[in-house]
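Please keep the model in view while working through the numbered points.

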Amino acid sequence: MTATTVKEEIYLDQAKKLSVSFAKDAAQRDKEGGTPKQQKDAIRQSGLLNLLIPQKYGGEGGKWSTALAIVRELAKGDAALGHLYGYHSLFVSDIRIKGTEEQQAYFYPLSVQQQAFWGNASNPLVESLKGDKQSQGYLLNGTKAFGSGSPDSQYLWLSFNDRETGQYLNGVVPTDRTGITVKDDWNAMGQRQTGSGNVDFKNVRIEEHEVIQDFVENPTSFSTIGASLSQIILTNVFIGSAFGAIEEAQNYTASKTRPWLTSGVEKASDDPGILRKYGELWIQAKAASALADEAALILDEAWEKGRKLTEEERGNLAVHVAAAHVFAGNAALDITSKIFEVMGARSVHAEYGYDRFWRNVRTHTLHNPAEYKLRTVGNWVLNQQYPTPNPYA
C-alpha cells in the first residue's frame, strides 16, 4: 500500500489488535459455526464500520485501500470476520454507487448512529425474490440464498425483481422489519461463521425511499463497479488467509515439528528443505499482495472520480482486480495446502484446525471461477477489450 496517514495507521492498528484477538478461538468457532456475535460487537466498538461513510454524514471518509488493508488484517486471524467486514463495506458503499444523494443523506447518518453492521440478501443470479408494486414502494415475497452477514445485522442490502416487468432493483431495509426471517442455516465446509445462508421474505414492505433504482434510471460506469469491489474484498480475504496460515505454521514448526530422521539437523527449523518451502510460501503471498495493492490504488482513484468515472477507467479497474483475484486465490490455495508439509504429520490433528485456512479459501474461490477471470484478462491483453459489466465482472 502507499504511505499511510496517522489516522490510517490508527485504523490498521485497531484491525491488528482485533485480528490477534479473533485468532485465539478461530479454530473452535470454525467448528461450531453460527454467528460470531462477540467478535462482531468488537468490530462495532472499534468504529471501523464507519470508515467509508463520507465525513459529511458522520463517517470517517476513508479510502478503499485502507478498508481492504483492514479486511486483510482481520482475515489473518479469522477469514470469516475479514469477509463480514469487507462485505459490510461493500453494502454500505452500494448506496453511493447506485443510490441518490438523498438516500445517502438518509441511510448514512442512521448507520453511523447505530454503529450498524450491514448484511445482504442480494444474490443476483437467482430471481427468487419478487416485488409487487404498491402505491409507495413494493411488497416483497420469496427467498434469497448466500445472505452473507445477514445474521446479527442492522440493515440488509437486497435485490429483487419487479414481478410484472422483471426489472432488477436493489433496496435497503432494516433486518428486523416485519416479515423477514434470517435463517442462519449456512453449513458449508468453509467460511462457517459468515452467516451466508437463506433469508426469507413474507409480505415485507419496502418503502419508496428504500428502493435503490437510480442506477437503472441514470446508469453510469461508476454504478457498475460493485463486482470489482466484491472481488477485491475476497482477494484480500485470500491474502489474509495465506499470511495467517504461514504465521500459524511458523509457530508450529518452531515449537512442535520434529526433524526428519535423515535430515542431519537437530531442529526442524534448520532443515534446508523446510527453509526453502517457507521461502516459496512467503514469496507467493507477497506477490499476491503486490498485485492486490496495485488494484487497490486504481480503485482509490476510481472511487474519487465517482460518477465522472469513464468506461475505460472502469474497465482498467476490472482487469486489474481480476488479475489480482486469480493470482491471490491460486496462491492462497497452494499456501494453505502446503503448510502441512512444513509442519509434519501431527499438524493434521483435528485439535489444531489448520485445515480451516484451505477450506475458507476453497469455498470462496468457487464463487468467482478463475477460468472466467483469466479470460477477462487475456481478452484485454490480446484484443484490448474490457469486460462487459455484469454482476461478476
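1. A pocket, as the word is used here, is an open set of grid points with protein on both sides within 12 Å along at least five of seven lines. The model under discussion is a predicted one. In this model the largest pocket holds about 870 Å³ of space. Its lining comprises 35 residues, and those closest to the centre are Ser122, Pro124, Ser230, Pro391 and Tyr392.

2. Which elements supply the lining of the largest pocket? At least two residues each come from H5, strand E5 (168-174), helix H8 (226-255) and helix H11 (355-365). Of the contributors, H5 gives the most, with 6 residues. Sorted by class, the lining of the largest pocket has 15 nonpolar, 18 polar and 2 charged residues.

3. In the present model, 3 cavities of 30 Å³ or more are counted. The largest cavity contains about 110 Å³ of space. It is lined by 14 residues, of which Ala26, Asp30, Asp78, Ala80 and Asn360 are the closest to its centre.

4. Helix H2 (26-32), helix H4 (64-77), H5 and H11 each provide at least two residues of the lining of the largest cavity. By class, that lining consists of 5 nonpolar, 4 polar and 5 charged residues. The reader may note that H5 and H11 also each supply at least two residues to the lining of the largest pocket.

5. Which residues line the second largest cavity? They are Ala227, Ser228, Gln231, Ala318, Ala322, Lys373, Thr376, Pro387, Tyr392 and Ala393. Tyr392 is also one of the residues closest to the centre of the largest pocket.

6. H8, helix H10 (311-343) and helix H12 (370-383) each supply at least two residues of the lining of the second largest cavity. The largest share, 3 residues, comes from H8. The classes in this lining are 6 nonpolar, 3 polar and 1 charged.

7. The axes of helix H5 (residues 79-98) and helix H6 (residues 101-114) come within 8 Å and cross at roughly 160°. An angle over 145 degrees counts as roughly antiparallel, and H5 and H6 are therefore roughly antiparallel to each other. Their crossing is left-handed. On the H5 side the contact is made by Val92, Ser93, Ile95 and Arg96, and on the H6 side by Gln103, Gln104, Phe107 and Tyr108. The contact of H5 with H6 has 4 nonpolar, 3 polar and 1 charged residues.

8. How do H8 and H11 pack, and at what angle? Their axes lie 10 Å apart, at an angle of about 165°. H8 is therefore roughly antiparallel to H11. H8 passes H11 in a left-handed crossing. H8 contributes Leu234, Phe238, Ser241, Gly244, Ala245 and Glu248 to the contact, while H11 contributes Arg356, Phe357, Val361, His364 and Thr365. These residues divide into 5 nonpolar, 4 polar and 2 charged.

Key: Residues are numbered from 1 along each chain as its sequence is written. This is a predicted model: local features need pLDDT of at least 70, side-chain atom pairs count only at pLDDT 80 or more; totals for chains, interfaces and linings use all residues. Side-chain values use heavy atoms; hydrogens and water are left out. Axes are lines fitted to C-alpha atoms, for helices over the stretch in contact, and angles run from 0 to 180 degrees between N-to-C directions. Helices (H or I, at least four residues) and strands (E, at least two) are DSSP runs, numbered from the N terminus. Angles under 35 degrees count as roughly parallel, over 145 as roughly antiparallel, 65 to 115 as roughly perpendicular and the rest as oblique. A crossing is left-handed if the near helix is turned anticlockwise from the far one by less than a right angle, and right-handed if clockwise. Contact means heavy atoms within 4.5 Å. Ala, Val, Leu, Ile, Met, Phe, Trp, Tyr, Cys and Pro count as nonpolar, Asp, Glu, Lys and Arg as charged, and the others, Gly among them, as polar. On a 1 Å grid over the protein atoms alone, a cavity is a set of points where a 1.4 Å probe fits but cannot get out, and a pocket is an open set with protein on both sides within 12 Å along at least five of seven lines; lining residues have an atom within 4 Å of a point. Grid points are joined across faces, edges and corners, and a volume is the space filled by probe spheres set on the points.
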